[in-house]
Amino acid sequence: MAVEYYDFGPHKIHHSSVFHTTDLSFAFVNLRPSVPVKRVADLTDEENIDLWYIAKKLGRQLESYHKASSLTFCIQDGPQAGQSVPHVHIHILPRKTGDYENNDDIYEDINEKEKELNQALQVDKKKRDRSIEEMAIEADEYKKFAF
């Protein structure tokens with residue numbers, strides 16, 4: 001174990017939730033490869049290549065694991081785009097035939113989940129956060145992926 005916690009914007013991600021790392025990026029159970037910069041334009045060329053390299057490999061594994069037929073990759077770059085954590089991250093969403101009547105409806109759900117996450121991270125204490133143990137179980141499943 002290299003570190004106990006990874007920085008994700010102003011938040012700390014416990015190492016047991018992380019299932020893949022490189023020198024520049026890490027992936028954790030809510031499926032967001034990330035690098036420690038706020039905006040896509042701030043990425044170096046090397047960080048950009050690394051981020052998409054992981055997203056491509058991880059996406060292929062997630063698609064297979066979840067028996068999906070497609071993937072949606074989504075980046076919300078800046079607060080007006082819906083970015084709730086000031087940190088470059090990619091949402092990787094396995095997709096199946098018929099999961100949405102209109103494919104673009106997924107973006108409404110992404111925006112809603114981002115709002116929920118922002119509230120949960122800052123003010124909403126009524127919802128039960130997943131425990132480190134619950135997140136570690138999911139991460140352990142994804143650690144089995146062949147990177």
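Which side chain does Asp 99 meet in a salt bridge? I will come back to that pair after a word on the model.

What we have here is a predicted model, in which local features need pLDDT of at least 70 and side-chain atom pairs count only at pLDDT 80 or more, while totals for chains, interfaces and linings use all residues. Residues are numbered from 1 along each chain as its sequence is written, and side-chain values use heavy atoms, with hydrogens and water left out.

So much for the ground rules; now the salt bridges. By salt bridge I mean a side-chain nitrogen of Lys or Arg within 4 Å of a carboxyl oxygen of Asp or Glu, and the structure holds five of them. The partner of Asp 99 is Arg 95, with N to O at 2.7 Å. For accessibility, buried means under 20% relative accessible area, exposed over 50%, and partly exposed in between, with a 1.4 Å probe and protein chains only. On that scale Arg 95 is buried, at 7%, whereas Asp 99 counts as partly exposed, at 32%.

Another of these salt bridges joins Asp 7 to Lys 12, whose closest N and O atoms are 2.3 Å apart; here Asp 7 is partly exposed at 41% relative accessibility, and Lys 12 is exposed at 54%.

There is also a salt bridge between Asp 140 and Lys 143, at 3.5 Å from N to O. These two residues lie three apart in helix H3, residues 132-143, and are therefore separated by about one helical turn. Asp 140 is partly exposed, with a relative accessibility of 40%, and Lys 143 is partly exposed too, its relative accessible area being 40%.

Let me turn to the helices and strands, which are DSSP runs numbered from the N terminus, helices being H or I with at least four residues and strands being E with at least two. Helix H1, residues 45-65, has 21 residues and reaches 30 Å from its first C-alpha to its last, close to the 30 Å expected at 1.5 Å a residue, where the expected span is 1.5 Å times one less than the number of residues. Among the buried residues of H1 are Leu 51, Ile 54, Leu 58 and Leu 62, but also Glu 47, Asp 50 and Lys 57. Just after H1, Lys 67 takes a positive phi of about 55°.

Finally, strand E3, residues 18-21, pairs with strand E4, residues 26-28, in the antiparallel sense over three bridges; two strands pair if DSSP finds at least two bridges between them. A hairpin of four residues joins E3 to E4, and Thr 21 has Phe 26, in E4, as its bridge partner.
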